[in-house]
2 protein chains.
Amino acid sequence: MEKRQNGEAKKKEEEPKDSICGYDSLHLLLKDNLNPQHFQEVSRLLTGLNCGKAIETIALPESATALSVKHGFDLQAFSFSADKELLREPRVVRVGLIQNSIALPTTAHFADQKKAIFEKLKPIIEAAGSSGVNILCLQEAWMMPFAFCTREKRWCEFAEPVDGESTRFLQSFALKYNMVIISSILERDINHGEVIWNTSVVIGNHGNIIGKHRKNHIPRVGDFNESTYYMEGNTGHPVFETVYGKIAINICYGRHHPLNWLAFGLNGAEIVFNPSATVGELSEPMWPIEARNAAIANSYFVASINRVGTETFPNAFTSGDGKPAHADFGHFYGSSYVSAPDASCTPSLSRYRDGLLVTDMDLNLCRQLKDKWGFRMTSRYELYADTLARYVKPEFEPQVITDPLLHRKAS
Amino acid sequence: MEKRQNGEAKKKEEEPKDSICGYDSLHLLLKDNLNPQHFQEVSRLLTGLNCGKAIETIALPESATALSVKHGFDLQAFSFSADKELLREPRVVRVGLIQNSIALPTTAHFADQKKAIFEKLKPIIEAAGSSGVNILCLQEAWMMPFAFCTREKRWCEFAEPVDGESTRFLQSFALKYNMVIISSILERDINHGEVIWNTSVVIGNHGNIIGKHRKNHIPRVGDFNESTYYMEGNTGHPVFETVYGKIAINICYGRHHPLNWLAFGLNGAEIVFNPSATVGELSEPMWPIEARNAAIANSYFVASINRVGTETFPNAFTSGDGKPAHADFGHFYGSSYVSAPDASCTPSLSRYRDGLLVTDMDLNLCRQLKDKWGFRMTSRYELYADTLARYVKPEFEPQVITDPLLHRKAS
């Protein structure tokens, strides 16, 4: 059994009702219950591991593992490999993903709730920093409960300008550890009538703000009443050129939109982060599919983060397909992981616990896969530019070939 | 353990070297080696089964199961469910997918090879017909070995016009069983200089030819030297309106192109068939990902078929990343399956044996998922029509935000 770098003893007591058979992640459920040969074959089929280049676990410094044990967060670390090239040096980047539950009940004073999340995240960010993480990404709207299920506008108080206190909190770590940090917040746009956005701020490794991206696609599904709070983003599909590589952010529901993934690829992204907040009953079977598909189709790495835990709100609410009024959003199932362009992926973090996933990736793999599979070259974008231009016109007529014998009875 | 409707006894003797731990499909490997509770949870996570509406096995007539036992092909049957609507009747369609190996060595006379495949397929098609299949789809280029690895042009002799002998062979079954049949052939276009295409012919339930579609994206990867034989298709993204619903065909390598899937959806497809020929070493970890992603993203069913077996050719050939000259293409891993728009999917057919997969699906599920998730409505196609139109221009400049401190040393 592989070395688990974290306080596994904590697992049992923290399992919520949602856990029907006492497991921490799909990876461990399979590893602990199949014989090694079967596990290896299942891994090959499901995750591309041992298919070509195998993914490997990597050792982290004692300071990081000690923090994970002390604070009880999941800590896992893997390395993707790439072919050695003759004309380019490897460009290995260490990426860190943090998933976490909120820290205080949603009934606590908003200032206390935010401060408690800051305090909870500190040791996890320190573990990332001391592990030499180059690019760190937090989950969607990490500085607040995911209160958009309620449709109550008072949660807008959590919103901050791009250079607000959550950004300042992270800027100090960016500077201290020479890390790029992607911070997804609820944004208050003070220069445009104080409107609200769902925004990722990109903080450079000198603690500077490089820029922001606003969520392009907004859900209207189940309890995800986000369209009550903010509109579709107006920042296009920016790729941020950092000292560690070209990165982009596809926020949460945008992962269901292949064109959104595509546009970040067309602009040159090598790693696309997908900070999310999504619950088991709604999306869990999609979670291992969409990010991996995006990584394959666009020849880049995808880093997926989902928050953890069940958040209960003071007032019951309705939505979501006629369910009776309820006060929680369901279980945010964590399971953060990284997908590579060669169709392999890391195991996922815990479904239940806070966690830090550290992954080494050689960005040269992106172009290697472009050359191998040729998806970009064979994509016939002219054809689709024309199709979409025609489709968006109200008078669009689909290309349908109708069986001329459609209404003849079967002989 | 669920009832296996086929001659399981045959399994062992037919296992090729590729089988490292004696299993027939991923589904059975997990089912036979995990306890029922673990298996159920793994199924929920991996295939959406038991998540909301569960997929169920269905019983087929004795005549069909007898054929599978007699001829040793895998036979499995499942049913997806959908919500009952108040204003529309259910539109349940029974879909059949056939996967098969070739029947004679590739050194046999071409006429004999083709005839032997016809003979081998007859009982499988009869089983589909007697099972009440409404729409039947065969694998890519089912009437020949997948000889495009060789780059030898003599295999072009297998090509036929759209109304050639392979079509005529299937037309009789379409008429006999009131089935729509999708037949993917190597096409000889006699009206345009006898050029070659990779084409799917759609045969109506009266035995008539409704139309054809030509493969849109042509691979240049590994031993897939198909671009030596035929060019990118010129038939757009047709949707065929049949008596059983609106269907389209995304041939093989087109499954790696999200825009290809999208365009069939924009034209109104409810089921997209993906007749394929692909080998384990190259694509197997992608196989459970791309079709499911397409079904989710486009709110339609996807039916994936891959051929079976290892085909050895008379002359060794080279290609594929500097591998030494070799005479076979690797193992075609079968594993045909169906994906639903709600992120669920059927188990896959055998990795090793010929097979028929029968699946009932209520096409009402497509619109139900559109209404639930709203992907089409939230897709912002105007934005992407503009992005693609700009991208295809040689002077396109990607949207990149460069860290102004990119070249400053870390403090």
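Helices are DSSP runs of H or I with at least four residues and strands are runs of E with at least two, numbered from the N terminus. The model is predicted: local features need pLDDT of at least 70, side-chain atom pairs count only at pLDDT 80 or more, and totals for chains, interfaces and linings use all residues. Residues are numbered from 1 along each chain as its sequence is written.

**View 1. The largest cavity, lined by 50 residues.** A cavity is a set of points on a 1 Å grid over the protein atoms alone where a 1.4 Å probe fits but cannot get out; lining residues have an atom within 4 Å of a point. The volume, about 890 Å³, is the space filled by probe spheres set on the points. Leu26(A), Leu46(A), Arg292(A), Leu26(B) and Leu46(B) lie nearest the centre. In chain A, α2 (26-33), α3 (36-47) and α9 (287-298) each supply at least two lining residues, as do α2 (26-33), α3 (36-47) and α9 (287-298) of chain B.

**View 2. The second largest cavity, of about 160 Å³.** Among its 16 lining residues, Pro258(A), Leu262(B), Ala297(B), Ser379(B) and Tyr381(B) are the closest to its centre. At least two lining residues come from each of α7 of chain A and α7 (258-266), α9 and α11 (381-391) of chain B.

**View 3. Asn267(A) in the loop between α7 (258-266) and β10 (271-276) of chain A.** A polar atom of its side chain lies 3.0 Å from the backbone nitrogen of Gln399(B).

Notes. Chains are lettered from A and ligands numbered from 1 in the order in which they are written. Side-chain values use heavy atoms; hydrogens and water are left out. A polar contact is a pair of N or O atoms within 3.5 Å; within protein, one must be able to donate a hydrogen and the other to accept it, and residues adjacent in sequence count only if both atoms are side-chain atoms. On a 1 Å grid over the protein atoms alone, a cavity is a set of points where a 1.4 Å probe fits but cannot get out, and a pocket is an open set with protein on both sides within 12 Å along at least five of seven lines; lining residues have an atom within 4 Å of a point.
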